[in-house]
Amino acid sequence: GKCKHLPAKLINGGIAGIVGVTCVFPIDLAKTRLQNQRRGQQVYKSMMDCLVKTVRSEGYFGMYRGAAVNLTLVTPEKAIKLAANDFFRHHLAKDGKGLTVFKEMLAGCGAGMCQVIVTTPMEMLKIQLQDAGRLGKKHLVATNAVLSRSYNSGTVISAPRAVSATQIAKELFHTQGIQGLYKGLGATLMRDVPFSIVYFPLFANLNRLGKRSPEESSPFYWAFLSGCAAGSTAAVTVNPCDVVKTRLQSLNKGASEETYRGVVDCVSKIMQKEGPSAFLKGAGCRALVIAPLFGIAQVMYFVGVGEYILDNSPLRLLAA
């Protein structure tokens, strides 16, 4: 049988993560900004509208605000998630019998819990950077941000200041300690654990449908489609948690945007002020972000980039 060892999986996951993040980051930026909008203060009408306005006011690279944090941390995050899922699956599959769906869910749940260690601070920083350009947009549509910044210091406040992840991390750390970086941990758990619980078993079972016999692996387009389908289903399912997480994690509030004390407070305030539909904000974006991410990841496993790299590098001595 094909014994896939962990280093190969990690390389696959890492590459998949980096390729995936690069492809879909602008959509993710749109998702953050759309989720953070309150009623009556909509700057953006839709995903496309958001991307067009972002490029207009912040340039092409404006769409990649916060991508560096993600690219740096996506590999360890994927690594932890995959390694944990494998670890739990391995330990739950005693006596060589296959895993029941319940056990698959347990493994996914464990994977989700481990991954949050990296995801929460990563997303916390990413959301600050992505959302930086949304507030103070209204004053800036006409004037060029750079000009207003250099010529008349009066409007500096409204110009989105170029912030870096390190700056935000330092500020947060100074003011709130490690807790600051883990703001929204509860919401992240509420999003990632159910996500893994839905995704992993759903993928395994969809993928099984594509196999001609239990021994063969399914064709790679099937793996890609299963990844996309399972990913987008899971994404839409947990979107309400994602909205709550985005709201809890964004620090710069507009003048009239309310603050939330925690998950429960946030949920009830969104329900009161914006109605249940607010929980599906950015769901389309999220499905679009997640589907290719997981499709690409599955294809990487299928092609076995990691195995290739390991077999053709000095590292294979370590793996032997």
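Eight aromatic pairs are found in a search of the whole structure, which is a predicted model. Salt bridges number 18. The points below describe examples of both kinds of contact.

**Aromatic pairs**

- The ring centres of Phe87 and Phe88 lie 5.4 Å apart with the planes at 75 degrees, so this pair is edge-to-face.
- Phe87 is partly exposed at 48% relative accessibility, and Phe88 is partly exposed with a relative accessible area of 26%.
- The rings of Phe195 and Tyr199 are stacked, because their planes stand at 10 degrees, with the centres 5.9 Å apart.
- Phe195 and Tyr199 are four residues apart in helix α7 (residues 185-209), a separation of about one helical turn.
- Phe195 is buried at 4% relative accessibility, and Tyr199 is buried with a relative accessible area of 1%.
- One aromatic cluster is formed by Phe195, Tyr199, Phe200, Phe203 and Phe294.

- Glu58 and Arg33 form a salt bridge whose closest N and O atoms are 3.0 Å apart.
- This pair links distant parts of the chain, with Glu58 in helix α2 (residues 47-58) and Arg33 in helix α1 (residues 6-36), 25 residues apart.
- Both Glu58 and Arg33 are buried.
- Lys53 pairs with Asp49 in a salt bridge, the closest N and O atoms being 3.2 Å apart; both residues lie in helix α2, about one turn apart.
- Lys53 is partly exposed at 26% relative accessibility, whereas Asp49 is buried at 16%.

**A salt-bridge network**

- Arg191 forms a salt bridge with Asp192, with 2.8 Å between the closest N and O atoms.
- Arg191 is buried at 5% relative accessibility, and Asp192 is buried with a relative accessible area of 4%.
- Through shared partners, salt bridges join Asp28, Lys31, Glu123, Lys126, Arg191, Asp192, Asp242, Lys245 and Arg286 into one network.

Conventions. Residues are numbered from 1 along each chain as its sequence is written. This is a predicted model: local features need pLDDT of at least 70, side-chain atom pairs count only at pLDDT 80 or more; totals for chains, interfaces and linings use all residues. Side-chain values use heavy atoms; hydrogens and water are left out. Rings of Phe, Tyr and Trp (its six-membered ring) pair if their centres lie within 6.5 Å; planes under 30 degrees apart count as stacked, over 60 as edge-to-face and the rest as tilted. Buried means under 20% relative accessible area, exposed over 50%, partly exposed in between (1.4 Å probe, protein chains only). Helices (H or I, at least four residues) and strands (E, at least two) are DSSP runs, numbered from the N terminus. A salt bridge is a side-chain nitrogen of Lys or Arg within 4 Å of a carboxyl oxygen of Asp or Glu.
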